[in-house]
Amino acid sequence: MKFTLNQQEVEIQGVSPETPLLYVLRNDMQLNGPKFGCGLGECGACAVLIDGKVARSCSVPVSVVQGMKVTTLEGLSEDATQAEHARVARDWEAAHPAAVPGMPAGKPAADAQGKAVYRLHPVQQAFIDEQAAQCGYCTNGMVMALVALFDHKPTATDEEVTQALSGHLCRCGTHVEIMRAAARARVLIAQGGAA
């Protein structure tokens, strides 16, 4: 099975077509943004974008995404995606010296101290700015739902934000901060994504 994962074409072998996409993402691809919450597609912790639409990866068989584009939390930042591809490539090359997967070796920008600096997606930056995570378990789903909404409608109203988040459960009660993050994301998007 082949599909595009965070702007990189991948091929999955040796996995049953009925295996939930979430298991492939977490176990095989080592992407931990999507969380296992309920396993029933009801809490939203496992949300990803499939061809730009938010989906519950715990209830989507991996065979469904054949030929499609899947984006996880890790794939929202282009800089971080390139760095992740480079890390996976290095790990693969270390484990398989004779085989090179051909992943791009992108390198993020560095600050004055040489630390990697990533430009986050405006929704991710807004969650940081507004401290909209407590335990962090729902954050993946909330962010992915807002990214899908704002990609479709950058000026979505608070009512539309509430509707987009209605199927995502937050057990810590950070709803006020999440709504502030959504409002902040609208501002960042309007400013061209600047933090």
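How many helices and strands does the secondary structure of the protein chain come to? The tally is 6 helices and 7 strands. Keep in mind that this is a predicted model.

## The whole chain

The chain has 195 residues, and 41% of them count as buried.

As for contacts between residues at least 6 apart in sequence, 59% join residues at least 24 apart.

## Helix 3, tucked in

Now zoom in on helix 3, which covers residues 122-129. Of its 8 residues, 6 are buried, so the rest of the structure largely encloses helix 3. The buried ones are Pro122, Val123, Gln124, Gln125, Ala126 and Phe127.

What do these buried residues pack against? Their partners are helix 4 (139-152) and helix 6. After helix 3 comes glutamine 131, which has a positive phi, near 50°.

## Helix 3 meets helix 6

Helix 3 and helix 6 pack at an angle of about 130°, and their axes are 8 Å apart. The two helices are therefore oblique to each other. Their crossing is right-handed.

On the helix 3 side, the contact is made by Pro122, Val123, Gln125, Ala126, Phe127 and Asp129. Helix 6 brings Ile178, Ala181, Arg184, Ala185, Leu188 and Ile189. Sorted by class, this contact has 9 nonpolar, 1 polar and 2 charged residues.

## Helix 5 meets helix 6

Helix 6 (residues 175-190) also packs with helix 5 (residues 158-165). Here the angle is about 125° and the axes are 11 Å apart. That angle makes helix 5 oblique to helix 6. The crossing of this pair is right-handed.

Which residues make the contact? Helix 5 supplies Asp158, Val161, Thr162 and Leu165, while helix 6 supplies Ile178, Met179, Ala182 and Arg186. By class, the residues of this contact divide into 5 nonpolar, 1 polar and 2 charged.

Spot Ile178 of helix 6 in the view: it takes part in the contact with helix 3 and also in the contact with helix 5.

Notes. Residues numbered from 1 in each chain as written. Predicted model: local features only at pLDDT ≥ 70, side-chain atom pairs only at ≥ 80, totals over all residues. Heavy atoms only, no water. Axes fitted to C-alpha atoms, helices over the stretch in contact; angles between N-to-C directions. Helix = DSSP H or I, 4+ residues; strand = E, 2+ residues; numbered from the N terminus. Parallel < 35°, antiparallel > 145°, perpendicular 65-115°, else oblique. Left-handed = near helix turned anticlockwise from the far one by under 90°. Contact = heavy atoms within 4.5 Å. Nonpolar A, V, L, I, M, F, W, Y, C, P; charged D, E, K, R; others polar. Buried < 20%, exposed > 50% of the residue type's maximum accessible area, 1.4 Å probe, protein only.
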